[in-house]
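Here is a short note for a colleague who is opening this structure for the first time. Please read it with the model on screen, taking the points in order.

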Amino acid sequence: MAENEDKKAFCVLDYHIYQSVVSVQRHFRTRFNEDPPSNHSIFKWYSNFKRNGCICKKKSTGRPSVSNEVVEQVRESFMRSPQKSTVKCSRELGVPQPTVWKILRKRLKFKPYKLQLLQALKENDKVKRPTFCESMQGLMKDEDFVKHFVFSDEATFHLCGKVNRQNVRIWGSENQHVYIVWVRDSPKVNVFCAITYNNVYGPFFFMEQTINGMIFLDVMTEWLLPQLEQDLPNFILQLDGAPPHYHLEVRTELNNQLPQRWIGRAGPNDDALLTWPPRSPDITPCDYFLW
């Protein structure tokens, strides 16, 4: 650093004497045996010296700091509504959204807590779930099995917006373990979808508000199975333990059409490849990567 300052001082002094950038560059090359600074640099150093009496670079003032008043406004805004988005807060307070985010994370030490849906598991389920997962991992070591496997799932989207876990965050300095009140009988839409290693079937939107076994049987036999039989011979279909999937007519159809080629909630006399563990809609990939 000191060597650089000496070279700047040499250029400034030489320019003051000769008033010629060419002379300064020639003298610099002779003195230091290296390429001289550019015309712009020499002029800038000399101008700074005349203006400030120093060749040192003036310390940058940086961006203006956020006032405590703005920080307090952001705090009050999220205390009133912890689920508010940073974009909405930015519009309300007239503060840039990146600034709101930095205030929350760095000044207020708030964290965005994500909603999680938890299954009410019974003691027996804690054994069945890992056992099923281990069996699936063993089957998936066969690449041919993976290529013929079909995951499926339904989802219900309520117009009240409470189901969108991906976009909902609850801001706070610590996890408040907030419970969201569910709006009963709110307008909703039911959707079915199936995925394979290289394709997506759906989404299929149900016209009915409530899905029962006979409605699902019609969708499976008239819409899903014909497509799978055409695109993927010898496919293996996965269904979770939802009540429509356990309907006797549905299981009878699966036993007749797909013996040892379906996975789902099965009875003792059903011809399923594996039995889906109870209360486990969360272990299908659709729950993580689709909805």
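Predicted model: local features only at pLDDT ≥ 70, side-chain atom pairs only at ≥ 80, totals over all residues.

1. On the side of helix 4 the contact is made by N68, V70, V71, V74 and F78, and on the side of helix 6 by V100, I103, L104 and R107.

2. One of the salt bridges joins the side chains of E34 and K7, at 3.0 Å from N to O. Because E34 lies in the loop between helix 2 (21-32) and helix 3 (39-52), whereas K7 belongs to helix 1 (residues 2-18), the pair ties together parts that are 27 residues apart in sequence. With a relative accessible area of 33%, E34 is partly exposed, while K7, at 10%, is buried.

3. A further salt bridge is formed by the side chains of R279 and D125, with an N to O distance of 2.7 Å. Here R279 sits in the loop between strand 8 (274-275) and helix 11 (286-289) and D125 in helix 7 (residues 125-139), so that parts 154 residues apart in sequence are tied together by the pair. R279 counts as partly exposed, at 35% relative accessibility, but D125 is buried, with a relative accessible area of 1%.

4. The side chains of R251 and D270 also meet in a salt bridge, at 2.8 Å from N to O. As R251 lies in helix 10 and D270 in the loop between strand 7 (262-264) and strand 8, this pair ties together parts that are 19 residues apart in sequence. R251 is buried, with a relative accessible area of 12%, and D270 is buried as well, with a relative accessible area of 18%.

5. D240 deserves a careful look, and its place is in the loop between strand 6 (236-238) and helix 10 (248-257). What is the nearest side chain of opposite charge to D240, and how far away is it? That side chain is R265, at 8.6 Å, and D240 is thus buried yet without a salt bridge, a salt bridge requiring a distance within 4 Å. The side chain of D240 does reach the backbone nitrogen of A242, at 3.1 Å, and it makes a polar contact with the side chain of H245, at 3.0 Å. Leaving aside residues up to four places away in sequence, D240 touches D153, E154, H245, R265, W276 and P281.

6. Not counting residues up to four places away in sequence, L225 touches M220, F235, L237 and L258. Among these, L237 is 12 residues from L225 in sequence, and the two are 9.2 Å apart in space, C-alpha to C-alpha.

How values were computed:
Residues numbered from 1 in each chain as written. Heavy atoms only, no water. Helix = DSSP H or I, 4+ residues; strand = E, 2+ residues; numbered from the N terminus. Buried < 20%, exposed > 50% of the residue type's maximum accessible area, 1.4 Å probe, protein only. Lys, Arg positive; Asp, Glu negative; His and termini not counted. Polar contact = N/O pair within 3.5 Å; in protein donor to acceptor, adjacent residues only side chain to side chain. Contact = heavy atoms within 4.5 Å.
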